[in-house]
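Biologist: Hi! Could you walk me through this structure in plain words?
Modeller: Happy to, let's look together.

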Amino acid sequence: MVTPVAKIWMNGKMVDWADARVHVLTHTLHYGLGVFEGIRFYKTPEGPGIFRLKEHVKRLYDSCHICRIQVPYDRDTIFKAHLDVVRVNGLADGYIRPVVYLKDGPMGLLVTDDHPVGVFIATWAWGAYLGEEGLKKGIRTKIASFSRNHVNAMMTKAKINGAYVNSILSKREAKQAGYDETIMLDTEGYVSEGSGENLFMVRDGLIKTTPLASILQGITRDTVFTLAEMLGYRVVEDRFTRDELYIADEAFFTGTAAEVTPIREVDDRAIGEGRPGPVTKAIQEAYFKVVHGEDPRYRDWITVVR
Ligand code: PPE
């Protein structure tokens, strides 16, 4: 359960948690066309710091552009609303969830430019997404029986609400079978991503990650590119198969919620030694330093809430 906080920013106003409601005829609720983001803020020496907010706001607007949704506020207003919602609720660290949705208005599948659009920005405290132990020791994963969305069926560069239906089904399938997370293959059979994470593998000192086609272009993925390079590793974007993943030395997931989570098993096969390897550990350590504002080189990625 999410522990309620005091306020949610909704359509230009701060409203009480309990009053942040939508009508049952909200269009997005019926058909899934709406977009969202997931952003974390961490305790930093200068106060709560939102990680890469600018990039998340950009992706929110890009998602809307892809979906032909006109956000009724400018970027600056939305950017500042994120700071306001963190400030007013007084959490030291947590997660922020902006959603741009089609309000109640005309029903049916014809959506036009004048369909009323709503925006809300909620926040809550959210611990380790795949468990504290998962962060430390790595998680067990299973290849899904569902495919990642085909690039021409669901726009993968947009973080669309309805795009998560097969992620939910896959995750549940994996959990029910006793694993921690799912790994989805693309429609050609290559490794794509997790239900809400991008995936990296390490083999013979080279870091590989899935190219953009079938995946969400993760902001954590981009952060890892920079940190890996800083640490002296080479990263390539190249597709790979499930059996190449089976024989990887290391593998890990990245995501705002999942942060950098080591993968210790895929389909009952140990990855490397079956525990987080040195590359994963170095990247994870660098990541946590950066998000907590402890690495001055990447201070620009953090917006402190004063
Ligand atoms: N792929 C998918 C499908 C995805 O949903 C996410 C984020 C990522 C990759 C990583 O993107 P980024 O956060 O920019 O590094 N998933 C969000 C939703 C998680 C949820 O359960 O809700 C997140 O991590 O916030």
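**Around the ligand**

Modeller: An oxygen atom of the ligand has a backbone N or O atom of Ile 219 2.7 Å away, which is a polar contact (a pair of N or O atoms within 3.5 Å; within protein, one must be able to donate a hydrogen and the other to accept it, and residues adjacent in sequence count only if both atoms are side-chain atoms). Please note that this is a predicted model, where local features need pLDDT of at least 70, side-chain atom pairs count only at pLDDT 80 or more, and totals for chains, interfaces and linings use all residues. Residues are numbered from 1 along each chain as its sequence is written, and side-chain values use heavy atoms, with hydrogens and water left out.

Biologist: How far is the polar side-chain atom of Tyr 129 from an oxygen atom of the ligand?
Modeller: That distance is 2.4 Å. Ala 257 has a polar backbone atom 2.9 Å from a ligand oxygen.

Biologist: And how much of the ligand's accessible area does the protein cover?
Modeller: It covers 94% of the 540 Å² that the ligand has on its own, with areas from the Shrake-Rupley method with a 1.4 Å probe.

Biologist: New topic: how many residues are in the largest nonpolar core?
Modeller: There are 37, and Ile 50, Ile 69, Ile 96 and Val 100 have the most contacts inside it. Such a core is a set of buried Ala, Val, Leu, Ile, Met, Phe, Trp, Tyr and Cys residues joined through side-chain atoms within 4.5 Å. Buried means under 20% relative accessible area (1.4 Å probe, protein chains only).

Biologist: Which element gives the largest share?
Modeller: That is α2, with six residues. Helices (H or I, at least four residues) and strands (E, at least two) are DSSP runs, numbered from the N terminus.

Biologist: Last one: where is Thr 141?
Modeller: Thr 141 is in strand β8, residues 139–147, and is buried with a relative accessible area of 0%. A polar atom of the Thr 141 side chain lies 2.7 Å from the backbone oxygen of Glu 265.

Notes. Buried means under 20% relative accessible area, exposed over 50%, partly exposed in between (1.4 Å probe, protein chains only).
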